[in-house]
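Dear colleague,

My notes on it follow directly after.

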Amino acid sequence: MRPNSPRSTALCILLIIFVTGFTFVRLCSNQFVYWDDHNTIARNPNFAVEGAAGPGRYWREPSGSLYIPVTYTVWGALAELSRGKQPDPVMHSLLDPWLFHAFNVLLHIATAVLVFLLLRKLMGADWPACLGALLFALHPVQVESVAWASGTKDLLAGFFGVLALLGYVAAARRMKAGNARAAYLTYSGGAVALLFAMLSKPSAVIVPAVVGVLELLLIRQSSRRASLWVAGWLALAVPFIVKGKLSQPATMYFTAPLWSRPLIAADALAFYLKQLIAPIHLLPDYGRSPRWLLQSGAYRYTWVVPVVVALACWLGRRRYPWLLAAFGVFVAALLPILGLVKFEFQLYSTVADHYLYFAMLGPALALAFLMSSHWKRIPVSLCAAALAVVAGRSFVQAGYWRDTSTLFHHVLERNPTSLAAQAVLGFMEQEAGHDAMAYQHFLRTLETEPEYSTGYFYLGVIELRENRPVEALAHLERANELNPDDRQVLNNLGIALARVGRFPEAVRRLSRVLELVPDYSSARTNLGVVYEQAGEPALAMRCYQQVLMTDPNDEGARRGMRRLTGQPQ
């Protein structure tokens, strides 16, 4: 193997940029999908409509269960650039999805280049580091994060996470060279990158754990300095861990018993290891939820796989310390989402491809060190051919993400019981006015997950539209039991209660919505209608007036005012 040179380094970077760009460029023509994109970007009222306030509120408070202000700031900037260029007719959005997808592709390329620079610093060899970075960039499990517009949060967290690692490794090298001042400056720069990573997605709190693995097995500074440096980054992560835990919603769906959680985590690791070796059927919803796993009994034997791999890495740690480091990085990067602690997406599945984005640094590390230590024994052409196959598989997988219908009909072909696919397709049919088809999709969601509040909610909405208030009331009450403070559930439950003549209860539910969201004009208009029906015209008038003070064009409130004042409708 020839020594490093500026020419070889430049060639490696150009190769990574070209091959990664060629593999993923087709994603730029994709649409937004009804898989978070409609809420986070396409129809987000903070920047998806003319005159929107922008992403500033996301620095003040979390969005749902995630505090990701850096991600929302990026989306806000892209929204301003894309507004009015090529609106998305499917989402009825003013935003052009092309720019969001192109940004994801460019960000992924930039992260792959950073992975190359990190691996090069760890081993001091250009071409093995290049092969490792190409594995990181081209593996099919990375397609979901890049293809999904809402996956920007994973890409940003990955980019800043790798940048933080690069800063840490560079600081350690400078300290060994005796340049303490430059080392501490670089370490501080890495800490800033870590903050940006955690503000992009809270799961980046695992970066200090990854640093700990690299420090212990590859970097090997003095134990005192290493402990202080890793502890400093852990201290930065603690507030994000606490905030993330407090922001997680209180859900009533299935909670796995404590005894089963290590087995669930081991099953997730086994699944991910299989996906690394044989990435054949890649889906946004594998249906591998804790409920499914415990009912299927698969947990009884899948735990063997990660245990055997861990044991093999441990036994070979003296001869191949990099192999144990690679496995340690892979596991550490997945710790928050293995199922040891309950998280929201487990309603659908414990495992998901986008959780692997940063964790792919482990396999990249393994390949780079393998090629570095066996450069003469392993034909480079064989490795290049394998990477070409991997890139081809990613190119094909990217095609499934071109629009919602293509993606989730593909999911149903591979996983007919997919909760996510039935819910998304049901939502699409309901928006298109195909209530009968939507109703069937939402019924199937409840066959998969009997505690799925969204399924009960949409069944109730469709039944209200078809003037079946008794059936709607039953479904909306169940949705309210499962999700007590959901404003949409409470709003429609108030309508259903009024339709069956239970006016005091309707008033109580709609008033609760306004306690939670005082500016929710639809609920205040509905409250006015209920007061009208209950024979309280003065209270109804007050509701309509309050709505019209904030939105003079609200048609529901204007119709209510006309009714009360005897004006023609």
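Helices in these notes are DSSP runs of H or I with at least four residues, numbered from the N terminus. The model is a predicted one.

Confidence comes first. The mean pLDDT of the protein is 90, and 94% of the residues score at least 70. Among its elements, helix H7 (residues 143-147) has the highest mean pLDDT, 97, whereas helix H3 (residues 57-60) has the lowest, 79. Where pLDDT is low, the predicted coordinates should not be read in detail.

The next point concerns Ser-349. This residue lies in the loop that runs between helix H16 (321-334) and helix H17 (361-373). Ser-349 counts as buried because its relative accessibility is 0%, the cut-off being under 20%. Its side chain reaches the backbone oxygen of Val-351 at 2.9 Å. Leaving aside residues up to four places away in sequence, Ser-349 touches Asp-285, Tyr-286, Gly-287, Arg-288, Ser-289 and Phe-343.

The last point is a helix pair. Helix H27 (residues 537-550) packs with helix H28 (residues 555-565) at an angle of about 145°, and their axes are 9 Å apart. The crossing of H27 and H28 is left-handed. On the H27 side, the contact involves Pro-537, Ala-540, Met-541, Tyr-544, Gln-545, Val-547 and Leu-548. These meet Ala-557, Arg-558, Gly-560, Met-561, Arg-563, Leu-564 and Thr-565 in H28. By class, the residues of this contact divide into nine nonpolar, three polar and two charged.

With kind regards

Conventions. Residues are numbered from 1 along each chain as its sequence is written. This is a predicted model: local features need pLDDT of at least 70, side-chain atom pairs count only at pLDDT 80 or more; totals for chains, interfaces and linings use all residues. Side-chain values use heavy atoms; hydrogens and water are left out. Axes are lines fitted to C-alpha atoms, for helices over the stretch in contact, and angles run from 0 to 180 degrees between N-to-C directions. Helices (H or I, at least four residues) and strands (E, at least two) are DSSP runs, numbered from the N terminus. A crossing is left-handed if the near helix is turned anticlockwise from the far one by less than a right angle, and right-handed if clockwise. Contact means heavy atoms within 4.5 Å. Ala, Val, Leu, Ile, Met, Phe, Trp, Tyr, Cys and Pro count as nonpolar, Asp, Glu, Lys and Arg as charged, and the others, Gly among them, as polar. Buried means under 20% relative accessible area, exposed over 50%, partly exposed in between (1.4 Å probe, protein chains only). A polar contact is a pair of N or O atoms within 3.5 Å; within protein, one must be able to donate a hydrogen and the other to accept it, and residues adjacent in sequence count only if both atoms are side-chain atoms. pLDDT is the predictor's confidence in each residue, from 0 to 100.
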